[in-house]
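Dear colleague,

I am passing on the structure below, followed by some notes on what turned up in it. Please read the notes alongside the coordinates.

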Amino acid sequence: MNSRKLLSETRRMFPATKACCQQPSRILIVDVTSPSWANTCSVLSEALENSLCLACSLTGPCRIPLLSLYLVQNQQECLLPFVHLKENFARVQACISELRSLPREGCFPQGGNGVVQAVQDGLQQFKQYSRHTAAGGSANSSVEITILTSQSGKEIGKQLERKLEDVDLVSLRRIQVVEVLKRDFLESEDGEQCTPEEPSSSDIAILGMDIDLQTIEDNVISLEMLFKTWLHDCGSEREHLHLLLPSGGLSHGTAPKPTLGDSFLLKCDLQERLLDPTLLSGTTDGTVRTADLNSACQMTAWPATVLYKLQVVKALKSEGVCESVLYGLPFIIKPTSCWQLDWDELELNQHSFHALCHSLLQRKWMLLAKHEPQNTCPSWNVVVHSYYVIIPSDSATLLVKPVAVRELLMPSAFPALLAEHPESVQGPIESALNSLEVEVTYNPLHLKSNLYKYLKSTLYRPLHRQQPQPRDQRPERHQPKQVRLSSSVDRPCLVLLICCLQKGRGQLPDTWMGQGSQHMTGWYSVTAVEAER
């Protein structure tokens with residue numbers, strides 16, 4: 001049986017719990033038994049800290065609800081039990097500091113079943129945590145495990161296949177085995193900067209579960225991009241976007257099913273190309289911004305709570321679209337991976353999407369599409385439409401960006417460019433331009449803005465040296481009992497209060513409750529010994 005069909009059937013039998021956030025919890029297992037750990041330690045720590053400070057700083061629903069970290073040395077060790085990532089960045093930093101302090105020169109022997117044991121222990125801990133939170137009214141129903149190792153990914157996969165036969169995998173969404181390859185590519189021998197290669201991946205099916213095998217280069221940027229995939233919307237309960245194209249009077253048997261009159265449908269997902277900088281402005285309450293993102297005139301890839309519909313109204317020549325009329329953040333459109341669709345429908349939809357991308361590239365066209373809000377505000381008398389330009393690319397994806405309409409366009413009367421310029425002006429300009437370094441393509445990975453440093457400084461809250469004890473474990477014999485007294489309480493009242501404390505009541509009589517509450521000025525700590533005095 002096809003592994004994807006088997007995975008789909010497994011998810012149908014055990015659907016994920018409907019929660020406000022469909023993001024899975026994360027277990028990161030770091031195998032430190034490699035001789036190359038000396039280099040991996042520093043780059044892994046930096047990449048992990050950078051990615052998690054972004055996750056903690058983003059407003060709106062948390063994209064990484066729970067995080068746990070395991071180390072595999074001579075045996076597995078849980079370095080960070082499951083914690084809510086937001087408001088716990090100090091604990092994460094302490095964990096990363098401990099990771100940095102590990103021995104560097106491959107002091108731990110390779111081999112053994114430490115990775116498999118960490119997987120088993122992590123699943124057991126998540127199961128217990130889920131039971132506890134479900135009793136409290138909240139639930140997080142799925143978990144993804146990422147294993148970072150310098151061992152062979154296929155060998156790790158075989159170990160998992162042998163050892164996980166009797167383990168409950170209902171809550172496990174995916175296992176990702178990432179083989180870290182040591183390669184110095186950021187700076188080549190001649191000092192020229194290179195671009196990180198995309199990690200290669202393949203899938204194997206074990207017990208109806210897809211295990212993703214990847215290879216990745218041992219550097220900060222590649223590992224950072226790996227951890228940033230955790231910030232994507234991982235929900236596959238439904239598609240995000242319906243792209244409606246005119247049928248053109250064709251009725252091929254291989255075409256998608258016609259719907260909504262003369263249009264046929266492509267089911268797509270949206271993915272962020274960039275993080276919205278306004279979500280990183282330091283505001284702790286993202287209620288307003290989340291509402292703005294989900295407004296009727298704005299599409300968003302996160303959180304994907306609305307099914308959008310774009311009706312293609314016309315085609316545009318690529319050279320005829322001015323960059324000045326495009327605005328807003330771009331989003332990636334790709335064929336949907338919604339597990340509720342039949343495999344045949346998913347495959348047909350994917351082929352149709354690829355055919356559309358290919359045809360747009362050949363014709364050098366863009367598409368102009370109109371978006372109508374699904375649910376309009378009752379106070380609105382008219383429906384406000386927004387328009388988008390859909391741009392093809394060499395990959396099997398499309399780019400969508402908002403495009404200006406008449407109401408938004410500002411007047412612009414610019415003078416024509418002069419054909420000739422005085423030599424006294426042209427010469428210095430040419431000299432300045434000739435002194436610039438020229439790059440064939442723009443690579444954003446070569447530019448840094450110190451954003452990570454800023455976010456870490458705003459999130460930094462030092463941990464308390466001594467954690468508060470649970471209430472049931474606190475000593476009662478000499479525990480001070482604090483009572484807030486009114487400045488107007490006279491001496492007889494104080495004597496009566498001491499008598500109450502001596503009898504073990506430790507509180508004001510009911511007749512005093514509410515008296516002088518507006519004049520409370522100080523705290524008085526009275527122990528049983530002082531009461532006897």
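To begin with two helices, H2 and H3 pack at an angle of about 175 degrees with their axes 9 Å apart, where axes are lines fitted to C-alpha atoms, for helices over the stretch in contact, and angles run from 0 to 180 degrees between N-to-C directions. H2 and H3 therefore count as roughly antiparallel to each other, a label used for angles over 145 degrees, with under 35 as roughly parallel, 65 to 115 as roughly perpendicular and the rest as oblique. Helices (H or I, at least four residues) and strands (E, at least two) are DSSP runs numbered from the N terminus.

This is a predicted model, in which local features need pLDDT of at least 70 and side-chain atom pairs count only at pLDDT 80 or more, while totals for chains, interfaces and linings use all residues. Residues are numbered from 1 along each chain as its sequence is written, and side-chain values use heavy atoms, with hydrogens and water left out.

On the H2 side of this packing, the residues in contact (heavy atoms within 4.5 Å) include Trp 37, Cys 41, Leu 44 and Leu 48, and on the H3 side they include Phe 89, Val 92, Ile 96 and Arg 100. By class, the contact of H2 with H3 has 11 nonpolar, 2 polar and 3 charged residues; here Ala, Val, Leu, Ile, Met, Phe, Trp, Tyr, Cys and Pro count as nonpolar, Asp, Glu, Lys and Arg as charged, and the others, Gly among them, as polar.

The largest nonpolar core has 44 residues, and those with the most contacts inside it are Leu 85, Leu 148, Leu 223 and Phe 227. Such a core is a set of buried Ala, Val, Leu, Ile, Met, Phe, Trp, Tyr and Cys residues joined through side-chain atoms within 4.5 Å, where buried means under 20% relative accessible area, exposed over 50% and partly exposed in between (1.4 Å probe, protein chains only). Among the elements that give two or more residues to this core are strand E1 (25-31), helix H2 (37-57), helix H3 (89-100) and helix H10 (451-459), and the largest share, 11 residues, comes from H2. Leaving aside its neighbours within four places in sequence, Leu 223 is in contact with Val 43, Leu 44, Ala 47, Leu 148 and Ile 216. Apart from this core lies another, of 24 residues, among them Ile 27, Ile 145, Ile 147 and Ile 211.

A search of the whole structure finds 3 aromatic pairs, meaning rings of Phe, Tyr and Trp (its six-membered ring) with centres within 6.5 Å, called stacked if the planes are under 30 degrees apart, edge-to-face if over 60 and tilted for the rest. Phe 82 and Tyr 129 form a tilted pair, 5.9 Å centre to centre with 45 degrees between the planes. Because Phe 82 lies in strand E3 and Tyr 129 in helix H4 (residues 114-135), this pair ties together parts that are 47 residues apart in sequence. Phe 82 counts as buried at 11% relative accessibility, whereas Tyr 129 counts as partly exposed at 22%. Ring pairs link Phe 82, Phe 126 and Tyr 129 into a cluster.

Two backbone values may also interest you. Glu 87, in the loop between E3 and H3, has a positive phi of about 70 degrees although it is not a glycine, and at 63% relative accessibility Glu 87 counts as exposed. Lys 364, in the loop between helix H8 (343-363) and strand E13 (365-371), likewise has a positive phi, near 60 degrees, and Lys 364 counts as exposed at 58% relative accessibility.

With regards
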